[in-house]
Amino acid sequence: MSELLKSQLDELMAKLPKNVYGNGIKNVDWIKSSQIKYQLNLPKEYLWFVEKYNYIVLWGEFVKTIFNPQYQDDTPDDIFNYYQINIADNDEEKDKLIFLTTEELEEFYFFNY
């Protein structure tokens, strides 16, 4: 992700109310250990976002984030756990890393190759 795009995103995030996004994940060991555990590498853009902001609420829904590994298996809001649940239900979904689902059943995802 370019520095210009990061700067633009930072400017946009600064205009939002503080209660719709987080303060970032400071423990990057969670991210590294989870990527190893789930054998899933997250996109660089997503990693930058969660390290900086952790989450954002869009259309009333929380974007999937990374939870402390001791709680990951208990929450579908953890991106790794949600991915595992999703592919367990439908193997055809293994190429989608869903980071947001809406009440209208829309899905937003990265391609996972």
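Is Asn54 buried or exposed? Asn54 is buried, with a relative accessible area of 18% (buried means under 20%, exposed over 50% and partly exposed in between, using a 1.4 Å probe and protein chains only).

## Before you look around

This is a predicted model, so local features need pLDDT of at least 70 and side-chain atom pairs count only at pLDDT 80 or more, while totals for chains, interfaces and linings use all residues. Residues are numbered from 1 along each chain as its sequence is written, and side-chain values use heavy atoms, with hydrogens and water left out.

The side chains of Tyr53 and Asp10 make a polar contact of 2.4 Å. Tyr53 and Asn23 are 30 residues apart in sequence, yet 4.8 Å apart in space, C-alpha to C-alpha. Beyond neighbours within four places in sequence, the contacts of Tyr53 include Leu9, Met13, Tyr21 and Trp48.

## The largest pocket

The largest pocket has a volume of about 350 Å³. (On a 1 Å grid over the protein atoms alone, a pocket is an open set of points where a 1.4 Å probe fits, with protein on both sides within 12 Å along at least five of seven lines; lining residues have an atom within 4 Å of a point. Grid points are joined across faces, edges and corners, and the volume is the space filled by probe spheres set on the points.) Of its 14 lining residues, Leu9, Phe49, Ile56, Leu58 and Phe99 are the closest to the centre.

Helix H1 (3–14) and helix H3 (44–52) each supply at least two lining residues, and the largest share, four residues, comes from H3. By class, the lining has 13 nonpolar, no polar and one charged residues. (Ala, Val, Leu, Ile, Met, Phe, Trp, Tyr, Cys and Pro count as nonpolar, Asp, Glu, Lys and Arg as charged, and the others, Gly among them, as polar.)

## The largest nonpolar core

Which residues touch the most other members of the largest nonpolar core? Of its 22 residues, they are Leu42, Tyr46, Phe49, Val50, Ile66, Ile79 and Phe80. (Such a core is a set of buried Ala, Val, Leu, Ile, Met, Phe, Trp, Tyr and Cys residues joined through side-chain atoms within 4.5 Å.) Helix H2 (28–38), H3, helix H5 (79–89) and strand E3 (96–101) each supply at least two residues of this core, with the largest share, five residues, coming from H3.

Asn81 lies in helix H5 and counts as buried at 9% relative accessibility. A polar atom of its side chain lies 2.8 Å from the backbone oxygen of Thr75 and one lies 3.2 Å from that of Gln72.

Tyr82 is in helix H5 as well, buried with a relative accessible area of 16%. Not counting residues up to four places away in sequence, Tyr82 touches Lys64, Pro76, Ile98 and Thr101.

Definitions and conventions. Contact means heavy atoms within 4.5 Å. A polar contact is a pair of N or O atoms within 3.5 Å; within protein, one must be able to donate a hydrogen and the other to accept it, and residues adjacent in sequence count only if both atoms are side-chain atoms.
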